[in-house]
Each structure stands twice: as C-alpha cells, then as structure tokens.
Amino acid sequence: MNLRRVSSQSLREKSMQLPAWHPFVFVFLALFALHFHAENIEGGERSALPNDPPNVLFLAVDDLNDWVDCLQGYPGTVHTPNIDRLAKEGVLFTNAHCVSPKCAPSRAAILTGLRPSSTGLYENSHWWLPNLPHVKTLPTYFRENGYHVVGAGKIFHHTAGNNPPNQWDDYFRLTFRNDPWFRGVKKNYPWSEDDPYPPGFPFSGVKGLGHENDWGSLGIKESEYDDSLTASYAIDFLKKPQSNPFFLACGIFRPHLPWYVPQNYFDLYPLEEIELPVVREDDLDDVPAMGQKLAGDRHRDLELIQKSGNWKSAVRAYLASISYADAQLGRVLDTLAESPHASNTIVVLWSDHGWHLGEKQHWHKSTLWEEATRIPLVISAPNYSTGSCPRPVSLIDLFPTLLELCGLQPIAAHDGTSLVPLLKNPKRSWDRPAVIEYLFKNAAVRSERYRYIRYRDGSEELYDHQSDPHEWQNLAENSEYDSIKTELAKWLPKNWDSAAKPKSAFTFDPSSFTWTEKSSGSKISGSK
C-alpha cells in the first residue's frame with residue numbers, strides 16, 4: 001500500500017467501520033467499556049484520568065549518541081547531570097535505537113509513526129508534507145484532541161519546508177543566528193542571514209572539513225546561543241498558566257555540527273583527560289562492500305582531523321556540546337519542576353540518532369552500527385515506574401506510547417508499538433527487537449544480544465554484543481549462527497515503498513509555506 005496516497009486517518013476510519021446495530025446495543029457497549037476500563041486500571045498505572053489529561057514535554061536532542069553518563073557510552077567522564085537526573089525520575093531505556101540514522105528520515109518517522117519503508121522518506125532530500133499530505137503527525141493529532149501544541153528549535157528536520165506552521169499553535173523557529181556563514185543555500189535557509197566566513201575561521205584550526213564541521217567558542221553570551229533561546233521559549237511557556245492540556249516540544253540542536261558552544265563547557269574537558277574511542281585499524285576487513293562504503297562516505301573528515309593532530313580536540317568539542325545541550329535541558333526541567341504542571345506532565349527525552357567519532361573508521365552518522373543507532377531515551381510519566389529497561393526499543397514506538405499514556409485513540413496504521421507495558425514493568429519480557437532502516441532496503445535488527453545487518457545486495461553482518469560490544473567480529477559467515485540470523489531476519493521489513501518524490505519535484509514558496517508540484521501544478525499548503 002502506498003501511504004503517500006492513503007492517509008493514516010483513512011486507514012484508521014476503515015478499520016473502525018461498524019455495522020448499523022440498534023442504538024441500545026451501543027449504549028450497552030459503552031457502559032460495559034467504561035466498567036471494563038475502571039476494573040482494569042491497576043492502582044497508579046495510568047498517568048492521569050480521562051478528565052485530567054496529562055501534559056507532554058517532548059525534549060529532543062540532535063546527533064546525541066550514548067555518550068551520556070547514565071548510559072556509560074563514553075570511556076571517560078562526561079558531564080550530563082540533568083539527563084542523568086531525568087533518567088532517575090523515569091524509565092531509562094538502555095537499549096534504545098533510532099528509526100533511521102539520519103535527521104530527516106528519523107524525525108519524519110518519529111512524528112508520523114511510520115517507518116521510511118512505509119513512506120519512502122529515506123533521505124534528507126525529501127519534504128514529508130507534499131508526499132504525505134493527509135498523514136496525522138504527533139503534533140496535529142494532539143491538537144485535534146484538544147491539546148495546546150507549541151514548540152521551539154529542531155523537532156522536524158531543520159531545513160526549510162520540514163516544519164510547516166499548520167502543525168503547531170505556536171512555534172519559535174530555529175534561524176541559526178550564530179553561524180550564518182553555513183546558511184548560504186536559500187532553499188534550505190530562507191529565514192537565515194548569509195554572512196561570509198568570519199576572521200579566524202575555521203575555529204577548529206582544521207582546514208578543508210565538510211559542511212558545518214567546525215568547533216569552538218563564539219565569544220558571545222550563553223543566553224545568545226540559538227539553543228539557549230530555544231530553551232528560553234520553553235521556559236517562558238511553562239511559567240504561564242494553561243487552560244488546556246499542552247504538548248510542548250523543545251528541540252536542542254547541539255551536539256549537531258558545528259560544535260559552537262560557550263568556552264566554559266570546553267573547560268569541563270581538559271584536553272589531556274580526553275579519552276579517544278577504542279578502534280581497530282582492521283575493523284572493516286570483515287565488513288561487506290556496502291558497509292565499507294557507508295563507513296567511507298565521511299572518512300576524509302576523520303583523516304584530516306587525525307592527521308592534523310586534532311582528534312582529541314574534536315572529541316572534546318563533541319563532549320562540550322553534549323554538556324551545553326544538557327544544561328539547556330536542565331533549565332527547562334528545573335522550570336517544569338517549579339511549575340504547577342509538574343505533577344501532571346509526561347517528560348520524554350530522545351535523540352534522533354547517534355554519531356561516530358572514529359569507530360569503524362567513520363566520522364558522522366549514516367551507518368547501521370551501534371554508534372549511529374543507539375541513543376538516549378527516557379520516559380518519565382507520573383505514577384509509572386522508574387528504573388532502567390534493557391529491552392530493545394525503537395523511537396518508532398514513541399507516537400503509540402504517548403497516545404496510550406494520554407488516553408487517546410491509537411492509529412491502526414502505525415508501525416510501532418506502545419512501550420507502556422515496559423513503563424509499568426521495565427524488566428518484563430519483551431519479544432520485539434529494534435529495527436533500524438537506512439536508505440532503500442538496508443536495515444539492522446538489534447535484539448538484546450545481537451545486531452544483524454542486511455544490505456540491499458543481500459550481504460550481511462552479525463555481532464554478538466555479549467562478547468563483542470565494539471562490533472569488531474562479523475559472525476555472519478559462521479554457519480553456527482545461521483539460526484540466529486534466520487530468527488532476526490524475520491523482523492526485517494517485508495515491503496519497501498519506492499522513494500518519495502524529491503525536493504526537485506516541487507517548487508517551494510517559504511513566504512506562504514506552499515509547494516507546487518512541477519509535473520501537475522497541484523499545490524500543497526503547510527500554512528495555518
């Protein structure tokens with residue numbers, strides 16, 4: 001089925017068609033359902049009663065891998081006190097993975113509840129709305145159910161056309177005030193200034209790196225950084241009384257490149273204390289050609305950084321950006337804790353995907369290995385459990401999870417499943433692995449113990465995390481593991497939608513937020 005032509009709303013309505021029974025039957029069923037609902041709510045299992053719907057604070061961080069203290073992904077010391085605090089107040093999913101290891105497809109999947117293989121949104125080169133004009137997104141679905149829905153920063157992908165105004169009641173747009181020298185492509189940044197490179201650029205001292213790949217302190221007040229302004233918008237909102245339940249999305253851009261943060265966050269990490277990732281020079285020798293190609297796509301940046309003697313400096317900048325992002329999250333969380341909303345607000349913290357800093361000879365995201373897919377995920381819901389959950393979960397599960405937590409009707413077309421059972425009991429059994437997709441017909445399956453990768457040419461990788469947490473030994477050619485591969489392969493997508501129409505198929509007018517399809521002349525509006 002082509003989900004670009006059939007909306008999840010229409011699928012849901014079709015699945016809910018009922019015969020024309022006598023009205024008294026409906027009355028009986030409604031009374032029975034209310035009784036059944038009351039009898040099956042265990043004490044403290046729900047975050048709120050239907051007449052007191054919970055608020056949602058939806059916190060996103062960009063390009064953050066498992067280098068937070070509560071996940072112990074970084075071999076040295078990382079300062080993330082606010083994420084760690086939230087992890088203790090909710091359920092920390094220690095084996096959580098992205099839907100796709102690239103910004104636009106990952107975020108489109110999270111916010112539509114549909115995998116790239118279901119929508120054809122495989123790359124940053126697609127606009128989601130003109131391809132899926134009838135899909136119900138997370139913000140629009142909450143708006144339709146009486147929520148006041150606002151946001152700031154990066155929630156959908158950050159380039160123009162990905163965050164339509166009609167998704168929100170109000171939104172504070174990220175316009176990249178701090179690094180206008182990277183925003184010269186007006187198709188992507190029509191609302192941003194376009195300045196030449198400033199004196200001293202590149203601040204990292206490494207010349208020739210790819211787009212945005214720079215780091216340093218800009219010498220401005222912390223309050224003037226873009227992410228500080230995003231957090232301030234969320235803080236101002238939380239300080240105001242609200243007449244309706246709210247859905248507040250706050251998207252922090254760091255540690256996405258460029259790693260420009262205040263100097264005091266660099267000072268947290270003396271260069272001599274930086275721990276480099278543990279790597280093997282022959283790590284790619286047993287990796288199929290398609291995996292080697294993904295690793296090699298940004299290898300030149302890694303080579304330049306290493307040959308210039310700046311590998312530790314770059315790792316330090318990534319860590320500083322993580323701590324800066326954590327500080328902004330802390331400001332928002334502190335405000336929530338001091339507000340009257342604290343006792344009735346669900347807090348979700350997630351990152352869209354991870355990041356390589358030299359592992360597998362790679363610099364960036366866009367692979368199907370652990371470094372690019374494992375991410376922090378915390379869900380803190382009033383009256384639910386706290387603790388850590390080792391079960392494999394996916395960010396595709398966030399949409400159905402929030403619908404259940406808030407007592408809203410599920411959407412039948414969704415590809416994920418609710419994580420509420422794990423919020424009730426984080427150690428319960430769980431028979432679903434996490435599935436990660438990247439580009440057409442490339443996917444990984446991450447169970448509690450194994451990672452299985454199959455590329456579109458049929459080549460494979462298999463890693464046993466119990467004995468090989470660095471994914472150094474590919475077991476796919478070992479016949480002893482054939483049954484493991486067969487079991488994990490059952491979770492691979494059976495159908496892959498063709499690629500969605502690229503941006504080049506449309507003309508986009510940022511002033512009216514309208515697309516015109518070049519082939520048909522049809523218009524799609526994203527304005528309010």
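The model on display is a predicted one.

To view this pair, select residues 81–89 for α3 and residues 311–338 for α12; their axes cross at roughly 50° and come within 7 Å.

Next, display the side chains where the two helices touch. On the α3 side, select P81, N82, I83, R85 and L86; on the α12 side, select D326, A327, L329, G330, L333 and D334. Colouring this contact by residue class gives six nonpolar, two polar and three charged residues.

How many of the 28 residues of α12 are buried? The count is 22, so the helix is largely enclosed by the rest of the structure. Its end C-alpha atoms lie 41 Å apart, which agrees with the 40 Å that its 28 residues should span at 1.5 Å a residue.

For the last stop, move to helix α8, residues 226–238, and select T230 within it. Is T230 buried or exposed? With a relative accessibility of 1%, T230 counts as buried, because the cut-off for that class is under 20%. Beyond its neighbours within four places in sequence, T230 is in contact with A152, G153, F172, C250, G251 and I252. Finally, draw a C-alpha to C-alpha distance from T230 to A152: the two are 5.5 Å apart in space, although 78 residues apart in sequence.

Notes:
Residues are numbered from 1 along each chain as its sequence is written. This is a predicted model: local features need pLDDT of at least 70, side-chain atom pairs count only at pLDDT 80 or more; totals for chains, interfaces and linings use all residues. Side-chain values use heavy atoms; hydrogens and water are left out. Helices (H or I, at least four residues) and strands (E, at least two) are DSSP runs, numbered from the N terminus. Buried means under 20% relative accessible area, exposed over 50%, partly exposed in between (1.4 Å probe, protein chains only). Contact means heavy atoms within 4.5 Å. Axes are lines fitted to C-alpha atoms, for helices over the stretch in contact, and angles run from 0 to 180 degrees between N-to-C directions. Ala, Val, Leu, Ile, Met, Phe, Trp, Tyr, Cys and Pro count as nonpolar, Asp, Glu, Lys and Arg as charged, and the others, Gly among them, as polar. The expected span of a helix is 1.5 Å times one less than its number of residues.
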